[in-house]
Amino acid sequence: MTGIPPRRATAVDQSSPVGTTGQEATAAGVAEPAAPARRRGRFAWASFKNIGAVYVWILLIVVFSAWTPDKFPTWATVQQILNEQAITGLVALALVLPLSAGVFDLSIGYNLGFCNVLCAWLLTSGGVSVPLTLLITVVASVLVGVVNAVVVVGARIDSFIGTLATGFLLLAGITVIAGQTQIVGPKLSAGFFQAIANSGVGGIDFTVLYMVAAAAIIWVILEFTVAGRWLYATGYNLDAARLAGIPVKRLKFIVLLVSALIAGGVAGIAVTSQIASGTSTVGPPYLLNAFAAAFLGATQLRQGRFNAWGTLIAVLMLGTGTVGLGLAGAPDWASSVFTGVVLLLALAVTRAERSGSLG
Amino acid sequence: MPAGDAERLRPATGLRLENVSKSFSGRTVLRNVDLEVMPDEVHGLVGQNGSGKSTLIKVLAGYHKPDPGARAWLDDEPFELGSVPAEHGLKIRFVHQDLALVLQLDAMDNVALGGGYAKRRPGLIHWRQQARQTRKALARFGLAIDIDVPLAQLAPVERTAVAIVRALAGWDEDSGVLVLDEPTASLPASEVDRLHSIVREVSQQGAGVVYVSHRLDDVIAVADRISVLRDGELVGTYRADEVDSGRLASLMVGHVVEHKRSREFAPAKESAPVLTARGVTARWLQGVDIDVWPGEIVGVSGVLGSGREELPYLLASASTALVSGEITVAGHQLPSASPRAAQSLGVGFVPADRLREAVIGPFAMRENLTLAGVTGIATGGVLRQHDERALVEAWMEKINIVPRDPGRPLPKFSGGNQQKVILARVLSLSPKLLVLTEPTAGVDVGAREAIYEVIRSEVVERQLAVVVASSDIQDLVALCHRVLVIRHGRVVRELRGGEVSYGAILHATEGTNQQDLTAEKGAQ
């Protein structure tokens, strides 16, 4: 009989949905210790289980090319998808590190919105120079991360609720700065600031480059560093990670700073440059799209682990669907239906594969 | 003494089991067990770990299906074991060790979760009637519990009582069996008497009670008859007034083959203890002192709730429960509640609940093995993947992890191999002190000896100091130079060298008299 260990106060005892799936897979694995070793053939990486979203993406390209042959298969469409999705991609990537560690950051869309209106206001009514504006915006985004981290790690408030609350505070800040008006001004659409997001090579904006760079950095962290190993361990089994000597609190603190920096400091400035304005409605819609991409991404490549390239694939696949539907003249609600259905199917397929009823 | 010779208390049997056997993949854990529980009888069930006690309960609960040939009757009506048809499911009720209560809810809600709410049209809860029913049910046991406060605010024994009342909800009063699994495990000694009177009250109202407990004096105090299981077989059923705890302990142990090996330990000259703990006081512990020297293996024994399960967590700084006391490791004071700080002082810790506290579920075996020592195979925070593979290879070779597949998720390995990986995780840090909790829980017989061998060889090779806290006395017998026995939060006995034996540890742990064992052996 196993002794009952003394009950300990757990800080933020929360695992992400994907983490939960993993733990159920654990239980199933224990029940069937005799399960044969997984085949790892030469082409296992190309299985539907591993990169299903890529196949769906290819299918979408084929379908839309056949549907609207004059409009869809063009370089302009490629530009549109990449440029439109770059901001969503950055916000989704910002979520990858916290989610890996089992931490939710629901303030992320509001942080982006806050940095958008702050940045726009500083350059127009604030009369601040461009370099100083960028510095202030980046510092502000990190401060938001510090507040999140203090709430979640310091005050031990569940990250789901804690960052929901800080999101509301940011929403208040957005309204204070922007109100119901759109902040516009000559400095927003000129010179270096305008070039941040709107210049590029071959019609592909630099924002796409920022997105790919962020993905590469996150990929290296998660796959090749001690921190990455620790983050996943923390997300999968907080108690075991803590008992193995992993600094779980420090990790959670840092990932909340990083997510705030990427979503607010990077994506917030980029979106301001891209749309050359600051509006209270810019930020919040990114939240759902980013979470959808991050969760869909976790079903790709790394069997349930949140990861950078899977997230990027998910963003582009979902973006292709949205843009394709738009070009095909589908009604406005179609793209939301598309995203919702894809997310449900992806998680259902993954779950079925894990429990062994498929594949 | 022949089995089952106690006189019948009533003409009709409450519960009768005949020829119950159960084997798991070829290993027999229950062999031809017969059991009779009379109505209005409290029937104790005792046995060591692995005696088949919990398997028997699970067969009764319909969780396991017994091997063919088993027969069962309830109130002289035959029924099939291993399934839970409404018919007998309604007549056999269980209160499990963890009570399965919702502590945030009050007594009324918890009782209603078992028996349903009193309803009024159109489908709303009739709260007043529900309250009346709950009060009435609790009053039967002389309990004046405030039914409107969350259970978390009640005394442990009151929670147990609520669990019993819930199990009995809708009870048909003249028949049936109530099974209590370790009901005193989490009760302070002062509340055990209250529980006993509640249990007797249940049996006096016509129900048979099966009372499973580790605490032998507890069983003797409350039971009318006691059945003893050992190695999956029924040793016998005895009237409680005919046995004392010493005799029960001897019956539970039987003839144990004691490994003859040298247990003598003398610390090397001019060496200092690796671990020194003074006056450790926490939730259960009431001032415990321990010294462990390099190369020494010290065992900690104690029944559930004695403080045995708390001590290793304190020594590894994994618990916030420390109230007072001083723990030093290699001359440095151990900070409180920081496993990381303990690790940097050289403490390696293997927690009790492998799945919840050690295994990172979806992680591959490789990632699990290197989890704690991962900084040692990294340059500037970046993993040296070649070194990681080499490290895992070396450990797979050294402690024989099967199958040798570093990429396989750890939960797909057998319990024994999982435990080896967790041990390797800790040992790869080259700790000075190894704190082991339940080192062989859920580990099959073959892997057990392999795990002992890993620990012994590390101790010899590296002069590692080890603390083993285990509810499994076999672990302590196999490993320890010295065993500390904890009862009610205090070290009550220290067994050294040649004194360490299965029987001696068991008697000291249960608080029974060693003399009885000798007498028993002499008589046979």
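Start with strand β6 of chain B, residues 92-95. In this predicted model, β6 is joined to β9 of chain B by four bridges, and the two run parallel. One pair to look at is B:I92, whose bridge partner in β9 is B:V177.

Now the other pairing of β9. Strand β10 of chain B covers residues 208-212, and β9 pairs with β10 over five bridges, again in the parallel sense. Here B:L178 stands opposite B:V209.

How well covered is β9, residues 177-181 of chain B? Mostly covered: five of its five residues are buried. Look at which way they point. B:V177, B:V179 and B:D181 go one way, B:L178 and B:L180 go the other way, and all are buried. Note that B:D181 is in that buried set.

Next, the antiparallel sheets of chain B.

The order in one of them is β2-β1-β4-β5, four strands in an open sheet with antiparallel pairing. Which strands are at the edges? They are β2, residues 27-37, and β5, residues 77-79, and each pairs on one side only. From one strand to the next, the twist averages 30 degrees. Within this sheet, β1 covers residues 15-24 and is joined to β2 by seven bridges, antiparallel.

B:L275 has B:V329 in β16 as its bridge partner.

On to domains. Chain B is divided into domain 1 (15-91 + 172-243), domain 2 (275-346 + 431-523) and domain 3 (363-429). Take domains 2 and 3 of chain B. Their C-alpha centres lie 26 Å apart. The contact takes 12 residues from domain 2 and 13 residues from domain 3. Which element gives the largest share on the domain 2 side? Helix α15 of chain B, residues 445-462, gives five residues. By type, the domain 2 side divides into eight nonpolar, two polar and two charged residues.

A single residue now: B:L229. B:L229 sits in strand β11 of chain B, residues 225-230. Why is B:L229 classed as buried? Because 26 other C-beta atoms lie within 10 Å, and the cut-off for buried is 20 or more. What does B:L229 touch? Leaving aside neighbours within four places in sequence, the contacts are B:G47, B:S51, B:G52, B:K53, B:L234 and B:V235. B:K53 is 176 residues away along the chain, yet the C-alpha atoms of B:L229 and B:K53 are separated by 6.7 Å.

Then a helix. α17 of chain B, residues 502-510, is mostly covered, with nine of its nine residues buried. Among them are B:Y502, B:H507, B:T509 and B:E510. Just after α17, B:G511 takes a positive phi of about 75 degrees.

Chain A, briefly. Chain A has 14 helices and two strands. Of its 359 residues, 51% are buried. Take the contacts in chain A with a separation of 6 or more: 79% of them come from residues 24 or more positions apart.

Last topic: confidence. The complex gets an ipTM of 0.81 and a pTM of 0.79 from the predictor. Chain B averages a pLDDT of 85, and 91% of the residues score at least 70. Where in chain B is confidence lowest, and where highest? Lowest is helix α18, residues 514-523, at a mean of 44, and highest is strand β22, residues 465-469, at 97.

Two stretches of chain B need a flag. Over residues 1-11 the pLDDT is below 50, and the model has 18 contacts there beyond near neighbours in sequence. Over residues 515-524 the pLDDT stays under 50, with nine contacts beyond four places in sequence. Where pLDDT is low, predicted coordinates should not be read in detail.

Conventions:
Residues numbered from 1 in each chain as written. Chains lettered and ligands numbered in written order. Predicted model: local features only at pLDDT ≥ 70, side-chain atom pairs only at ≥ 80, totals over all residues. Buried ≥ 20, exposed ≤ 12 C-beta atoms within 10 Å, placed from the backbone. Pairing = 2+ DSSP bridges. Domains from an automatic or database assignment. Contact = placed C-beta atoms within 7 Å. Nonpolar A, V, L, I, M, F, W, Y, C, P; charged D, E, K, R; others polar. Axes fitted to C-alpha atoms, helices over the stretch in contact; angles between N-to-C directions. pLDDT = per-residue confidence, 0-100.
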